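Have the model open while you read.

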Amino acid sequence: MTNASIAVPGAIVRPLTRGERLDLPKRVTLASAALVVVLVAVLLAFIVWNGVQLFAHSGVPVLQVLSATWQPDNTLQQPVIFGLLPFILGTLSVMALAAVIATPLSVGLALFMAEVAPRWARSITQPALEVFVGIPSVVYGWLGLTVLVPFLRISLHSVGFSMLAGALVLSLMILPTITSVALDAFTTVPGEMRSASFALGTTRWQTIRHVLLPAAVSGVATGIVLGMMRAAGEALAVQMVIGNRPLIPTGITQPMTTLTSQITLDMGNTVAGEPWNEALWTMGLILLLISFAFVAIVRILGRRRLVAE
Amino acid sequence: MSDGIIDGPVPEVEVTVVSQQPAGTDVAGREEPAVTPPRPEPVTHPEPAAKIGAETKLEMVDLTVHYGAFRAVRDVSLQIPANSVTAFIGPSGCGKSTILRCFDRMNDLIPTARVGGKVMLDGEDVYAAGVQAVEVRRKVGLVFQRPNPFPMSIYENVVYGPRRHGMKDRRQLDEIAERSLRRAALWDEVKDDFRQKSGLTLSGGQQQRLCIARTIATDPEVILMDEPASALDPIATLRIEELIAELREAYTIVIVTHNMQQASRVSDRTAFFTMGTDRAGYLVEVDDTVRIFTNPREQLTEDYISGRFG
Amino acid sequence: MTRVIWADRAATAVLWGIAFFVIGILLAIIGHFLLASIGTLSLSFIFGDPSDSTIGGVGPVLFNSIYILTLTLLLTVPLGILGGIYMAEYAGEGRLTTIIRFSQELISSVPSIVVGMFGLALFVTLTHWSFTALGGSLALLVFNLPLLTRLTEQAIRAVPADERRGSIALGVSKWRTIRHVVVPIAIPGIVTGIILTAGRIFGEAAALIFTSGLSTPSGYNFANLNITDPRSPWSPFHSATTLSVFIWKSNSEGLGLFVHQVADASSAVLVLMVLVFNLGARGLGRYLQRRVTGT
């Protein structure tokens, strides 16, 4: 609608209309965008508040969480100890192993897509990556449970549920993450660098090894860190294959536990306000801190990349 | 050095057309080659120069434009008579487009831009407090270098302005659409399917005329053109130039062009700008086109016209 | 000299090998689930109830997945588009913008199980709703809203500046320019973003097991259209197991003779839905792009 105003039509000087002064579109869109700030703040508040109740409310000494013994209730007449070390170490170790398994494959695939693949291959691998990402984690977990664990049971003569099973399932899940970030890093290396190398008479592999990879290293590292972050935070798929044995991991073929698996298992069975439940919240808080630590690492890597360019 | 308003009857100028450089402008409207060519002769205007109205439509007084700390344009003062075509010429980078965009406050879109001095439309400073840029832009239209029709039908493109300003009546909109398309010399080519056909399916030259029609539809008083033909082929360029000559009757036109022959063909007055050693653009000379191209006052102008730099 | 060439050939072979290996794994996964669900997967399975016949069906569970997807999108899409508009068109470089971007980054790094815990504390316990579909949708909103906002922002930023300037030069206000020129041009990108978000939501489980719960009221009566009645399947106020959560349950339940087949077939359904969402996003995006540019 034409803005009703007191000015003479056609004059360029006129007061702002009510609508213009209010600028409703700007306010409404701002509120929508700023909602995320509120969500983060509230989420952090809840997690932190509930996470410290173990110490604040139930009086458990803070250092106890570093114990290797997890005994949340006194069945078996054992003293109650809330040692979280098995879970922390479990998360970190399965995440590291998954990264070790996935990285060569991911970087290789990314190199393939960036440097070697003809167009038809690129048009297959790109959607394939997206499908990989899209498959729900429970499906990976179910696959691990019904195919991988029995296979490991037979070939390793063990229970099957193990760190290895968890790491293999996770590596499938983080492979597309690492690949796409690494691919991005490779494609942003300027073509002139490659040309300069080729003009000196080197082979493609020499160029990749001595020029491309060093130039893209911080981008690839970012991808690996993001993959690890995803692995650390994955819950259901890991829980299905890891064995859920609340002890410090003894070997990659042995059952173990992680922060996410224990939360998944126990949350429904504990009562709010009780120490066991509060310990789970503390685990959630630790998980959050690990994730934020990774975010910080990614930022630092990003800054190094800017400096290097 | 600013020129005064033309007062009283101006003697008719009758000049015969001398053959120009072969093939005229090239598509990009590039500058003259370094070899000294024959100076382009002005073309006879269809109407005598006396048609130029005595009133000043647009005026700039000590215009200065900064981008952040960098001064891009300094101390430009000139007057644009109503119902005339004024060309801004000069080497690239000297700020012609920036100056042009001060007339419709399009520089507001650049966050670091600051405009000093006065820019007046009918005697009112468009940068004064209380002025709504939206209103200025209704009265002062802008045609861009690259045609930018919206991804809508030709009809929707043309009536876009009036619709957004509140006009809803279908018959009125249809009337405006036909009138604007006729004035932009596009009506005959699109009248059969302009309601369905997307503006993007037109050729470059047609798209530019569509953009002109779109501008005309808002009933402006001034039409600014920023190198309107530089992205077009020579034939399309000529059509645009013919169009400009027709539009002069109803509108005041200011056109930035890289192409001196175009300036001499199309404009009544020409303003020559250049860049100083401080990289700020400034006005060297403004005068009747005929005078600028035959007997300029400044040596710099003479040098530019004859291709010694640019 | 030939050593270098030999190394190059070997490396190329290895890279091709890796590519084939990875694609092979993907095909094997899809193939495995399709094969494993032969005999189970049928229309009666998809629409049937867990309690009928021997194998049962996943009808109610599939309905829950679609219901929660729709509810979440209803909440997320308007907010996401509006937020994306702000970030692309109105936001400056100031402190508020930095805070918003930082918040987006933080939320997207929170593991979904932790979001589930948050949802449990807020939408289940604090509100005394117990497990509800609405609680699940709100938990999903927490991390899908920043995602969709960012995708919309990118789609809007991709609109050429010349189109915007053309509208402004006609004296049209900023908001009207956004509404009538910018957003219509950005629609293909926005739609792609919505479909990608939908795919993520459909497969989500960790955030839902503590919010929309592990059980579904039996005997869905679809004729009951009263959405305030928790017994109606159309109401958001009852617990609602989704297909993904259902598969996870199969891991812990172990009861029932056909749990294995049901979970396999359910996985096949999920994988097929992913393919549909994925190809759909690409195809729809391309089609809309052609419509917008009139080519």
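Across the interface of chain B and chain C in this predicted model, five residue pairs are in polar contact, both residues at pLDDT 80 or more (N or O atoms within 3.5 Å, one able to donate a hydrogen and the other to accept it; neighbours in sequence count only if both atoms are side-chain atoms). Salt bridges (a Lys or Arg side-chain nitrogen within 4 Å of an Asp or Glu carboxyl oxygen) number zero there.

On the chain B side, these elements each supply at least two of the residues that touch chain C; helices are DSSP runs of H or I with at least four residues, strands runs of E with at least two, numbered from the N terminus.

| Element of chain B | Residues |
|---|---|
| α2 | 133–139 |
| β6 | 140–143 |
| α3 | 154–164 |
| α6 | 204–217 |

In total, 24 residues of chain B contact 19 residues of chain C, with contact meaning heavy atoms within 4.5 Å.

Now for chain C: it has 10 helices and zero strands. Its C-alpha trace spans about 70 × 70 × 40 Å along the principal axes. Of its 295 residues, 55% are buried (under 20% relative accessible area, 1.4 Å probe, protein chains only).

A note on conventions: residues are numbered from 1 along each chain as its sequence is written, and chains are lettered from A and ligands numbered from 1 in the order written. Local features need pLDDT of at least 70, side-chain atom pairs count only at pLDDT 80 or more, and totals for chains, interfaces and linings use all residues, while side-chain values use heavy atoms, leaving out hydrogens and water.

Notes: Buried < 20%, exposed > 50% of the residue type's maximum accessible area, 1.4 Å probe, protein only.
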